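Have a go at each task before you read its solution.

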2 protein chains.
Amino acid sequence: MPTICIAVPLEPRYEVLVGRGLLAETASRSAHYSARALLSDTHVAPLYAGALGLPEATRAHLLTPGESSKNLDELERTLEFMARTGLDRSACLLLLGGGVVGDLGGLAAALYMRGIDFVQLPTTLLAQVDSSVGGKTAVNLAAGKNLAGVFRQPALVLADTGTLATLDAEEYRSGLGEVLKTALVAGEALLARLESARAELAARDPDLLAEVVAECVRTKAAIVARDPTEKGERAKLNLGHTFAHAIERVAGYGAIPHGVAVGTGLALALRLSERLQIVREPALRARVEALLAAFGIPTTLAALRTRYHAQLEPSELVRSMRLDKKSVAGRPRFVLPRAVGELALGIELEDSALETVLEAA
Amino acid sequence: MPTICIAVPLEPRYEVLVGRGLLAETASRSAHYSARALLSDTHVAPLYAGALGLPEATRAHLLTPGESSKNLDELERTLEFMARTGLDRSACLLLLGGGVVGDLGGLAAALYMRGIDFVQLPTTLLAQVDSSVGGKTAVNLAAGKNLAGVFRQPALVLADTGTLATLDAEEYRSGLGEVLKTALVAGEALLARLESARAELAARDPDLLAEVVAECVRTKAAIVARDPTEKGERAKLNLGHTFAHAIERVAGYGAIPHGVAVGTGLALALRLSERLQIVREPALRARVEALLAAFGIPTTLAALRTRYHAQLEPSELVRSMRLDKKSVAGRPRFVLPRAVGELALGIELEDSALETVLEAA
C-alpha cells in the first residue's frame, strides 16, 4: 500500500503522511532545519530511534513512559535539555512516541523561545489517529488532565503504521477506543468498515490499519481545519472525553489507558443520550458495545472497575467533571450522539441526573 | 490630565488606557467575565488590591516579589490556583504588579485550558511602558531569561500612573532605562522631551509621567501591531537587550533590575555601534550617557560591577549571549543604533570583537 498524504489546510499548511516505513524519511524531511533534537521515551527510543536516519551526534531526551510523565516538571527538564542542546529559533524538535511524548513535546516546542517547529512521529495507534494531528498540546495539572497547554500545529506528521505491529495489547486497545470515537463522529462508512473488518483489526492487518488511520486523520483534519481552536465544531472530537477525563483522573493518571477510558466513555455517553432521549437510532448503543467488546474495552463502569481495580465512585466522577475544560461555571458540557455521524454539542444536566446514569452503569 | 486611550489594532483589538486612578475601573471593566481571579505579589497587593473594587470573595494568589519568582515552579502553583478557584474558559485573570507578575501571569492565562483572557494592571514604570503591552509572556529557565513563553495579547491594559509615586528609587530607575530605549526607537521628539524634562522626571511629575508612558505605549503598540510575533521590525524593541539579558543572567536573576541592565546595555550598544562604524551621529552616545547618568544608571560595565557587586566577566557574558533567543546557530544578533529612531537589525560579529568591546567598557 503506498503512502497516503493528507493535507491540513491551516496557516501554515502541513501534511500528515500515513504508511509503512515512513520513519526512515525523518532525516531527509527535516534536513532544512538549523538543528534537530529528539524527544522520545525509554520504551520507544530503543525500538525506533535508529530507524530515523539522523546523524549520530543528534541529541535526545527520553521520558519515562506513561501518563505520569506528562507534567510541568518533565516539561521543564525537556526545555532545559533544548537549551543545553543549543537549539535556536530555526531548529526543530522531533517527537517520537505516543500521546505523552507528542502532547508534552508539542508544548515544549510551542514554549521554547516562544515557539519553534516540531515534527510528530507517532508510534501508537492512539497517537496516529488522534493526538498527533490538530495541534492540541498539553500537560496535566494535579487538578486535571490537559489543563495546561496551547494550540500549536506540527510542521509535519509521519505516521509509520509499521510501528503498530509491536504495540502491546493494551496500547493497541486504547487506540481502538479513539478509532471508534472517530467513527461515531465521521459517519456510517467508517463504523460499518470497523464492523466488517473485526478479524483484520484483531490481526492488525497492515493494509487495513493504514486505511483506518488515514480515514481517522482525514476526519480529524477536516474538522480541525474548520475550527482549529475549538470555538465550535471541534468539540465533536470530545465525544466520550468528559467521562474519560474524569475516569482517568479519579483512577489516577496512567492507571487506565486514555483510549480505553474513551471507549467506556462512548458507552456511557450513549446511555446518557438514551436517558435524555437525544439518540435517534435505537440500535446504536448495541453496535458500539459490540465493537467495544470485540476490542476488549469494558462497556460499563462496573466492568472497568473490576478490570483495573479502580474505585470510580460516581460522586467523585461528577466532582471531577466540574473541573473539565469544557465546563462552564462548574457545569460539565457533554457531546452526545444523536445518530452515527450526528452529535449534540454543549448538553448540560443536573449533577443528580448524571450520578443516576453513572450509578446504573 | 484625562485618561489617554491607545488602541492596539491586532485581532482581537485591545486598548491600553493610561491615567491616574484607573485601577478603580478594574471591577467594572471586567464584570462581564464568568469569574475573575487576581495574581499579584506580596509587595503590591497590600498597596493596591483594595483599589480594584473587586468583590470581597475574589480569590488571589500572591507571588514573592522579584525576578527569582519568574520560573516554572511558580507558574505551576499559579495554574493550580486557577484550577482550584474553578476558573473556566470564560473567566479572566487580573495581573496586578510589575513585569514578573505580568509575564508569568500572561503565560499562566495563555496555558490554562489552552488560553483564557487576562487584564494587565501594571504598577511599575517598566511594566507600564514596556512589558504589559505587546503580548510577550514568559518565564525564565536556568539556561536563560524568558526562554519559555508564548505570544498572547492581553484583553485590556489599565496603566494607572498614580502607582508610580510609590515606586522605590531602583524600580523607578529601571523603568527609565526602558523609557530611554523606547526613545531611541521612537525618534528625536521623545528623546528631546526626556532631555528637556529631566527635573520633572526626577520629581515624578504626574502629568509628565502620563505623557511619557502614553508616548512609549504608542511607539510600542504601532510596532507590535505591524509585527506581533517578532518576524522582523519588532526586533527593534530588543535594543540593548542582548547585553541586558546576558548581564542579568551572569549576575544572577534579580541581582540587577532589568531596566538598569537595559540602560547599561544601551551604552554598550552605542560603543559597539561606534566601533563597527554603524552609528552616524557622533553625539548620540554622549546624549544617552548623560541621560543614563541623570537617571542614576551606570554607563559602563565597570560602574555596573561596582554598584551591584557583580563579576560580569566579558567571556562569561559572551557565552551567555550565544543562548539568547535572538542568536542563530550560536551567534548572537545585535540591534544597534545608527541614529535616533534609526536602528540596524541582525548585526552579527566575532566573539573576540565582542569581548574587546566588553573589556573596554
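**Exercise 1. Two helices of chain A**

Task: Decide how H11(A) and H12(A) are oriented to each other, and find the residues that make their contact.

Solution: 
- Step 1. In this predicted model, take helix H11 (residues 258-275) and helix H12 (residues 284-295) of chain A; their axes come within 10 Å and cross at roughly 165°.
- Step 2. Angles over 145 degrees count as roughly antiparallel, so H11(A) and H12(A) are roughly antiparallel to each other.
- Step 3. For the handedness, H11(A) passes H12(A) in a left-handed crossing.
- Step 4. H11(A) brings Gly263(A), Leu266(A), Ala267(A), Leu270(A) and Glu274(A) to the contact, while H12(A) brings Leu284(A), Arg285(A), Val288(A), Glu289(A), Leu292(A) and Phe295(A).
- Step 5. Sort the residues of this contact of H11(A) with H12(A) by class, and you get 7 nonpolar, 1 polar and 3 charged.

**Exercise 2. A second pair in chain A**

Task: Work out the orientation of H14(A) and H15(A), then say whether Glu359(A) is buried or exposed.

Solution: 
- Step 1. The axes of helix H14 (residues 314-322) and helix H15 (residues 351-360) of chain A come within 9 Å, crossing at roughly 135°.
- Step 2. That angle makes H14(A) and H15(A) oblique to each other.
- Step 3. H14(A) passes H15(A) in a right-handed crossing.
- Step 4. On the H14(A) side, the contact is made by Pro314(A), Ser315(A), Leu317(A) and Val318(A); on the H15(A) side, by Asp351(A), Leu354(A), Glu355(A), Leu358(A) and Glu359(A).
- Step 5. The contact of H14(A) with H15(A) has 5 nonpolar, 1 polar and 3 charged residues.
- Step 6. Now pick out Glu359(A), which is found in helix H15 of chain A. Exposed residues have 12 or fewer other C-beta atoms within 10 Å, and Glu359(A) has 11, so Glu359(A) is exposed.
- Step 7. Along the sequence, Glu359(A) and Ser315(A) are 44 residues apart, but in space their C-alpha atoms are 9.0 Å apart.

**Exercise 3. A helix pair in chain B**

Solution: 
- Step 1. Helix H6 (residues 169-186) and helix H9 (residues 206-226) of chain B have axes that come within 10 Å and cross at roughly 55°.
- Step 2. The crossing of H6(B) past H9(B) is left-handed.
- Step 3. Look for Val179(B), Thr182(B), Val185(B) and Ala186(B) on H6(B), and for Val212(B), Cys216(B), Thr219(B) and Lys220(B) on H9(B); these make the contact.
- Step 4. The contact of H6(B) with H9(B) divides into 5 nonpolar, 2 polar and 1 charged.

**Exercise 4. Domains of chain A**

Task: Find which element gives the most residues to the side of domain 1 of chain A that touches domain 2 of chain A.

Solution: 
- Step 1. Chain A is divided into domain 1 (4-167) and domain 2 (176-360), and the C-alpha centres of these domains of chain A lie 25 Å apart.
- Step 2. The contact takes 31 residues from domain 1 of chain A and 29 residues from domain 2 of chain A.
- Step 3. On the domain 1 side, the elements giving two or more residues are strand S1 (4-8), strand S2 (14-19), helix H5 (125-131) and strand S8 (144-148) of chain A.
- Step 4. H5(A) gives the most, with 5 residues.
- Step 5. By class, this side of domain 1 of chain A has 17 nonpolar, 10 polar and 4 charged residues.

**Exercise 5. Backbone details in the loops**

Task: Locate the cis peptide bond that ends at Pro12(A), and the loop that holds Leu312(A).

Solution: 
- Step 1. Glu11(A) and Pro12(A) are joined by a cis peptide bond with omega about 0°. Pro12(A) is found in the loop between S1 and S2 of chain A.
- Step 2. In chain B, the peptide bond from Glu11(B) to Pro12(B) is cis, with omega near -5°.
- Step 3. Leu312(A) is not a glycine, yet it has a positive phi of about 55°. Leu312(A) lies in the loop between helix H13 (301-308) and H14 of chain A.
- Step 4. Leu312(A) counts as partly exposed because it has 19 C-beta neighbours inside 10 Å.

Definitions and conventions: Residues are numbered from 1 along each chain as its sequence is written. Chains are lettered from A and ligands numbered from 1 in the order in which they are written. This is a predicted model: local features need pLDDT of at least 70, side-chain atom pairs count only at pLDDT 80 or more; totals for chains, interfaces and linings use all residues. Axes are lines fitted to C-alpha atoms, for helices over the stretch in contact, and angles run from 0 to 180 degrees between N-to-C directions. Helices (H or I, at least four residues) and strands (E, at least two) are DSSP runs, numbered from the N terminus. Angles under 35 degrees count as roughly parallel, over 145 as roughly antiparallel, 65 to 115 as roughly perpendicular and the rest as oblique. A crossing is left-handed if the near helix is turned anticlockwise from the far one by less than a right angle, and right-handed if clockwise. Two residues are in contact if their C-beta atoms, placed from the backbone, lie within 7 Å. Ala, Val, Leu, Ile, Met, Phe, Trp, Tyr, Cys and Pro count as nonpolar, Asp, Glu, Lys and Arg as charged, and the others, Gly among them, as polar. Domain bounds come from an automatic or database domain assignment. A residue is buried if 20 or more other C-beta atoms lie within 10 Å of its own, exposed if 12 or fewer, and partly exposed in between; C-beta atoms are placed from the backbone.
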